[in-house]
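This report covers salt bridges, sheets and a surface patch. The model comes first.

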Amino acid sequence: MSDYSQILLDKDGPIATITLNRPEKMNAYTRIMMDEMIHALDNTDADDNIRAVIFTGAGDRAFCAGADLTPDDGARPFSSETEVSDLSDEIVRDGGGRITLRMFQSTKPLISACNGVAVGVGATMQLPMDIRLASDNARYGFVFARRGIVPEACSSWFLPRLVGPQQALEWCMTGRIFDAQEAKDGGLVRSIHAQGELMDVARGLALEIAENTSAVSVAMTRAMLWRLPSEDHPMKAHRVDSRSIYKLSRGKDALEGVQSFLEKRPAEFLGKVTQDMPEFYPWWEEPGYE
């Protein structure tokens with residue numbers, strides 16, 4: 001869409017593609033890009049025609065080369081220049097964390113098509129995505145210790161859950177750049193593809209979701225699988241499971257799911273995430289920054 005200056009948002013049928021669009025700077029991350037990505041996710045969540053969102057980078061060299069270390073406005077690359085005494089001040093908040101928290105709240109499945117270099121926030125912004133694909137020239141790096149800072153974008157929460165504490169610690173403490181095969185072996189990415197095939201595979205996965213599943217079921221499932229493993233007892237998952245099955249089983253999508261199976265035909269799910277989520281959703285209280 002023409003209103004964006006550092007990303008592109010394209011909608012093609014049930015699939016939206018968000019492209020980080022600063023190829024001259026290897027799609028380096030800025031506050032403007034952050035704001036535009038958040039706006040784009042607000043847009044896709046509000047659009048019931050969109051069933052999945054793919055993220056990729058412009059060009060064939062980089063997904064995102066991390067924070068822009070030489071921003072055009074001359075500002076500090078990692079945090080605000082404003083000095084504050086109260087660390088709960090909104091000024092202190094990490095820009096990478098703002099986008100990953102927004103991704104975490106998405107009601108649509110998010111797929112990463114990592115088409116090249118992904119270091120710093122270029123790597124950590126992919127962690128809240130649900131499926132991560134890599135091109136064969138992809139390179140990853142959690143390089144923060146080599147820049148004198150620490151992992152950001154809530155990656156201290158996401159990364160150990162995805163790859164385990166030992167692998168997360170090794171990658172973050174060494175800060176080394178590693179290739180797509182190591183990323184796959186370590187559990188960071190699902191699969192590796194030739195550059196020219198990457199987006200086709202990502203679209204295939206997105207269409208598999210869009211053409212075969214209930215949007216309401218997928219939105220509930222995404223929230224459950226991201227949030228419930230952090231609970232301290234399986235009873236808390238049982239409560240949400242039970243309420244969800246009870247409510248959704250009485251809905252039009254469950255009726256269609258059973259009927260289409262019995263009639264041996266593709267299902268036509270009509271439920272809309274913006275209208276048909278069960279009334280107890282969200283079941284959690286979203287914490288604020290303090």
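## A buried arginine and its partner

Arg222 and Asp130 form a salt bridge, with their closest N and O atoms 2.8 Å apart. A salt bridge here is a side-chain nitrogen of Lys or Arg within 4 Å of a carboxyl oxygen of Asp or Glu. Arg222 sits in helix H8 (residues 215-227) and Asp130 in the loop between helix H3 (121-124) and S7, so the pair ties together parts 92 residues apart in sequence. Helices (H or I, at least four residues) and strands (E, at least two) are DSSP runs, numbered from the N terminus. Arg222 counts as buried at 7% relative accessibility. Asp130 is partly exposed at 30%. Buried means under 20% relative accessible area, exposed over 50%, and partly exposed in between (1.4 Å probe, protein chains only).

The model is predicted: local features need pLDDT of at least 70, side-chain atom pairs count only at pLDDT 80 or more, and totals for chains, interfaces and linings use all residues. Residues are numbered from 1 along each chain as its sequence is written, and side-chain values use heavy atoms, with hydrogens and water left out.

## Other salt bridges

The whole structure holds 16 salt bridges. One of them joins the side chains of Lys11 and Asp47 (2.8 Å, N to O). Lys11 lies in strand S1, and Asp47 in the loop between helix H1 (31-46) and strand S3 (52-57), so this pair links parts 36 residues apart in sequence. Lys11 is partly exposed at 30% relative accessibility. Asp47 is buried at 17%.

Glu182 and Arg176 meet at 2.5 Å, N to O, in another salt bridge. Both are partly exposed: Glu182 at 23%, Arg176 at 24%. Shared partners also join Arg22, Lys25 and Asp68 into one network of salt bridges.

Strands pair if DSSP finds at least two bridges between them. S5 (residues 110-114) and S7 (residues 131-135) run parallel over 4 bridges. Cys114 has Ala134 in S7 as its bridge partner.

The other open sheet has 4 strands, ordered S4-S6-S8-S9, again with mixed pairing. S4 and S9 (177-179) are the edge strands. S4 pairs with S6 (residues 117-119) in the parallel sense over 2 bridges. Here Cys64 is bridged to Ala118 in S6.
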